[in-house]
Amino acid sequence: PDTTYQTVTIYGRPASPQWPDTVLCTGSSLPLSLPADSSLTYRWSTGDTTRTTQLNTGGWHWVELINPCFTTRDSFYVNLHEPPQSGLVSDTNMCEGNSLT
């Protein structure tokens with residue numbers, strides 16, 4: 001008797017990365033990476049479709065993990081902080097006898 005084998009793949013819902021809200025300084029970038037999984041495709045709010053991305057803007061961001069049966073989305077907020085101002089005036093030229101407050 002002949003035997004025939006067939007592979008059946010059962011897909012569950014992809015696990016959410018559950019990233020916390022975070023802070024990013026202006027001029028910096030936030031690298032994000034998901035575990036490699038050949039059964040998943042990825043979609044980021046930035047338009048990237050790879051498992052890694054870099055964020056450099058504040059606001060709401062999300063990532064979707066997609067397999068043939070389910071889509072899981074995780075949203076997180078990136079609070080963009082401006083660098084603190086020193087309160088000092090920028091370099092300036094002065095003439096003798098003048099003052100600067």
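Among contacts between residues at least 6 apart in sequence, what percentage join residues at least 24 apart in the protein chain? Then turn to asparagine 67: which loop holds it, and what does its side chain reach?

Reply: The figure is 48%: that share of the contacts between residues at least 6 apart joins residues at least 24 apart. This is a predicted model.

The whole chain comes before the detail. The protein chain has six strands and zero helices. Its pattern along the sequence is β-β-β-β-β-β. The radius of gyration is 25 Å, whereas a compact globule of 101 residues would have one near 13 Å. Along the principal axes, the C-alpha atoms fill a box of roughly 110 × 20 × 15 Å. Buried residues account for 21% of the 101. The accessible surface is about 8,000 Å², and carbon and sulfur atoms hold 50% of that.

Now asparagine 67. This residue sits in the loop between β5 (59-66) and β6 (71-81). Asparagine 67 counts as buried because its relative accessibility is 10%, and the cut-off for buried is under 20%. Its side chain has polar partners on the backbone. One polar atom of that side chain is 2.7 Å from the backbone oxygen of glycine 12. The backbone nitrogen of cysteine 69 lies 2.8 Å from a polar atom of the asparagine 67 side chain. Beyond four places in sequence, asparagine 67 contacts Tyr11, Gly12, Pro14, Ser39 and Leu40.

Leu40 leads on to the core. Leu40 is one of twelve residues in the largest nonpolar core, which also includes Tyr42, Trp44, Val63, Leu65 and Val78. β2 (30-33), β3 (41-44), β5 and β6 each give two or more residues to this core.

β3 shows how its side chains are sorted. In a regular strand, side chains alternate between the two faces of the sheet. Along β3, Tyr42 and Trp44 point to one face and are buried. β3 pairs with β5 in the antiparallel sense, over four bridges. Tryptophan 44 has valine 63 of β5 as its bridge partner.

For contrast, take another loop, between β4 (52-55) and β5, where threonine 57 lies. Threonine 57 counts as partly exposed because its relative accessibility is 39%. Outside four places in sequence, threonine 57 touches Leu24 and Val78. Both of those belong to the largest nonpolar core.

Note on methods. Residues are numbered from 1 along each chain as its sequence is written. This is a predicted model: local features need pLDDT of at least 70, side-chain atom pairs count only at pLDDT 80 or more; totals for chains, interfaces and linings use all residues. Side-chain values use heavy atoms; hydrogens and water are left out. Buried means under 20% relative accessible area, exposed over 50%, partly exposed in between (1.4 Å probe, protein chains only). A polar contact is a pair of N or O atoms within 3.5 Å; within protein, one must be able to donate a hydrogen and the other to accept it, and residues adjacent in sequence count only if both atoms are side-chain atoms. Contact means heavy atoms within 4.5 Å. A nonpolar core is a set of buried Ala, Val, Leu, Ile, Met, Phe, Trp, Tyr and Cys residues joined through side-chain atoms within 4.5 Å. Two strands pair if DSSP finds at least two bridges between them. The radius of gyration is taken over C-alpha atoms; the globule rule is 2.2 Å times the number of residues to the power 0.38. Accessible areas come from the Shrake-Rupley method with a 1.4 Å probe; for residues, only the protein chains shown count as cover.
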